[in-house]
Amino acid sequence: MTIVKKFLETIRRYPTAVISATIILALIAVAVYAVIAIPLPRAIYLWRGADQVWSDTPRNAQPAWTNLFRSKKLPETFVVRVDDVDGTVEQLGDAMWRETTLLTFDYKESAFPREMNVFFDVEFETREPQVTITWISPDGSERRLFRGNVRPGQRYAISQDKTLQRALGELPHVGLLADPETTGQEDVDPEVWKGEYALKVEALTFEEGSTVSGRLVVYGDVYGIAGTDHLRRDLAVGLLWGTPIALMFGLLATIGTTILGFVIAAFGTWFGGWVDQIIQRITEVNLMLPFLPILIMVGTFYSRSIWVMLAVIIALSIFTAALKAYRAMFMQVKNSPYIEAARAYGASNSRIIFRYLIPKIIPVLIPNFVIGIPQFVFLEASLSVLGLGDPTLPTWGKILTNAYQGGALYRGYYYWVLEPAILLMITGLSFSMLGFALDRVFNPRLRGI
Amino acid sequence: MAEQPARTPEETPEKTVTRGLSRTVGKFARYTAVRGIALLITVAIGVYISIWIANMGGYVDKIRKAQIAEAVGIQFRGPQFRDMTPSERRILMEEQKEREYKRLGLDKPFLGRSFSYLANALTLSLGRTERMTSDTGSRQVRAVLLERLPTTLVLFGTANLLTFFGSLFISLFLSRRYGSFLDRAAVALAPMSAAPPWFYGIFLILIFASIAGILPYGGMLDAPPPETTLGYALSVLKHMVLPLIAWMLGTLAIAVYARRTFFLIHSSEDYVELAKAKGLRSNTIERRYILRPTLPTIITQFALTLVFAWQGAIITETVFQWPGLGRLLWQAIGLFEVPVIIGSVVIFAYLLALSVFLLDILYAMIDPRVKLGAEGQS
């Protein structure tokens, strides 16, 4: 315990170590939260975006908080649901009911939305219900938008209704929300008519228990805390889940390469002879192999699974220059008197390697270990940039790549690039800073001022 | 090492000198030969492993056969084959497929072919590409690779040399001012290199191309390319600015940190302290007592810097759309273009082995501490 206490005392004298350790703990907390809040299958399902999971979010919307820095606020995205308001049901005949619901909302934004859609949720056995949708403006004037039979999963895209567009003289989502005085004129820009709007959904159902509900989605220019991408996916999900993946990838790869390399170097130096020779020759051959091209080949020809990539990365990163450095260190320790003493009292080989040889070098290992993590976190991102990221998982690298390939830089969707990039940067820098600080703690020969 | 023969009394001192010299030359020749052969074997094994990986142990053959079958199928869908009976057409298709398999050597088992690949690669007869062509239309692997070499060397040669000499001078400067504000700042900046150059590249494109609009997003030349040589050079230079800065941001900080540590260790040696005590000028101390003993390490790093510049950088080239060898290699992998992949790997392996070999010999000649003779006895 006193050792731990002493260590913490020492660490406290390095502010960068304290700051970076705090950031790392926060990242771990986020990672744990992500795994608990969104279980992995759910995360994969959401990120694949099938089954219209993301029908209620706009495309390429900026994060909502960016409005804080704008004088002219961008409209937010909101959904008006039937469940929010009470509907009335009246029986009209033997097998005919009329269900009327009002979707009311107060439009207070200063700009027009991007798009409006109505999604239906219908239940029936054989006979499809008939639905009529009427738009009610703040002054009470009504306009019929849609009448027809609806099936489950059907939607009415208000913004794509050409008849409505012709009647309004403007794009439907503009014309419906604009002051009528300003619409349909060439030289006047339409202005928002703020106030209480309503969407009346009248459904004629022909079966007992048949129900119709719907929701109106008004797509704005901003959404959520992280915005959305080109497939309407909420970036918050991807960024949140990217945290555990990045940490896991970095940690596992570093643990695998440093610990295996360390143990192998220890065995090689201890046993010497042909064991050492083989290890040395493998290292030399491995240095000739091109690291990234091999990873790309494995990804292209074989598998992109994150586990396969991890295994290949570890296999290629064990026999490197680092192993030679470890070997040099072990060589020095091997001849020290305490090892000789251990040998004299008859300690076994494995005892000497694991109890005497390796612990002696661990102070050198720990900083290297911490500095190595960001390297692998960024390697995952690099593979994603080359299109070799795991096909199912949301990762920071994949978001960054999507943004890059989706022309985020050309079209000004900077949030899309900056969010994953800054997270990568924070993770990389904090591990790296901690590593450099630990280096100074454990290797006081080069302690800075 | 051969045993020292006992010197016979009638030998004159001169004879001893010549014999000593010839023994040294003999030892040296043997050392060179052993080292050369060892490196050659290493290269061969490395290239052979790459051949297996590039073919996924023969799995790529299946992919290529399927691609050929599909292409032949499409070829025989044309109107000129409509009059044939299905069986006639099938025979023709089979023949065509066999011809194509034969052309690509797919009719022989992979194991046998892997050795002929190896022999061809090691003799640098890189052969012809399967699908890729150079911009001039050549199908020689050599032409395809050579065409991209200058663009890669212009960018990454400059970038690596800048990093190398930049870090050398900055770290020398810093080690002289150990503990000063600048020194501490450099140490604090070292974690910056945790992020790779392409990552900074995206930020730089965002700032200088998207927002400021003063530098190009990527590529190597303006469209249309300038007519004059000067205009051409200026255009290339303009496109090089962002990749170069990105490369510096990603590599310089750690290089400075490592060299600074290296120089600090060497400037705390006793002989340096003695030189200081003698009152020598700091310039002289730096040149004679710090730089000279560390020269072998610096030369090694310099040689490796040049070798690695050859490979280019796949991702940095991708992010900046730079038409270099890295991107070529990436495209080749995407097209299962094994000859180009192997060609690139073997040239890199040879360059690396050659520089290691030359450095070994150089050390054996200039550094008395490097022992000649049996290797691996460090």
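A residue is called buried if 20 or more other C-beta atoms lie within 10 Å of its own, exposed if 12 or fewer do, and partly exposed in between, with C-beta atoms placed from the backbone. By this criterion, 38% of the 449 residues of chain A count as buried. The model is a predicted one, in which local features need pLDDT of at least 70 and side-chain atom pairs count only at pLDDT 80 or more, while totals for chains, interfaces and linings use all residues. Residues are numbered from 1 along each chain as its sequence is written, and chains are lettered from A and ligands numbered from 1 in the order in which they are written.

Chain A holds 15 helices and 9 strands; helices (H or I, at least four residues) and strands (E, at least two) are DSSP runs numbered from the N terminus. Chain A is more spread out than a compact globule, because its radius of gyration, taken over C-alpha atoms, is 31 Å, well over the 22 Å from the globule rule for 449 residues (2.2 Å times the number of residues to the power 0.38). Its C-alpha trace spans about 100 × 50 × 45 Å along the principal axes. An automatic or database domain assignment gives chain A domain 1 (2-47 + 234-446) and domain 2 (73-219). The centres of these two domains of chain A, taken over C-alpha atoms, are separated by 54 Å.

The two chains meet in a contact that takes 37 residues from chain A and 43 residues from chain B, where residues are in contact if their C-beta atoms, placed from the backbone, lie within 7 Å. On the side of chain B that touches chain A, the elements giving two or more residues include α1 (13-54), α8 (229-267) and α12 (325-334) of chain B. Of these elements, α1(B) gives the most, with 8 residues. That side of chain B comprises 32 nonpolar, 10 polar and 1 charged residues; Ala, Val, Leu, Ile, Met, Phe, Trp, Tyr, Cys and Pro count as nonpolar, Asp, Glu, Lys and Arg as charged, and the others, Gly among them, as polar.

Helix α12(B) is largely enclosed by the rest of the structure, because 8 of its 10 residues are buried. Among the buried residues of α12(B) are Arg327(B) and Trp330(B). Just after α12(B), Phe336(B) adopts a positive phi of about 55 degrees.
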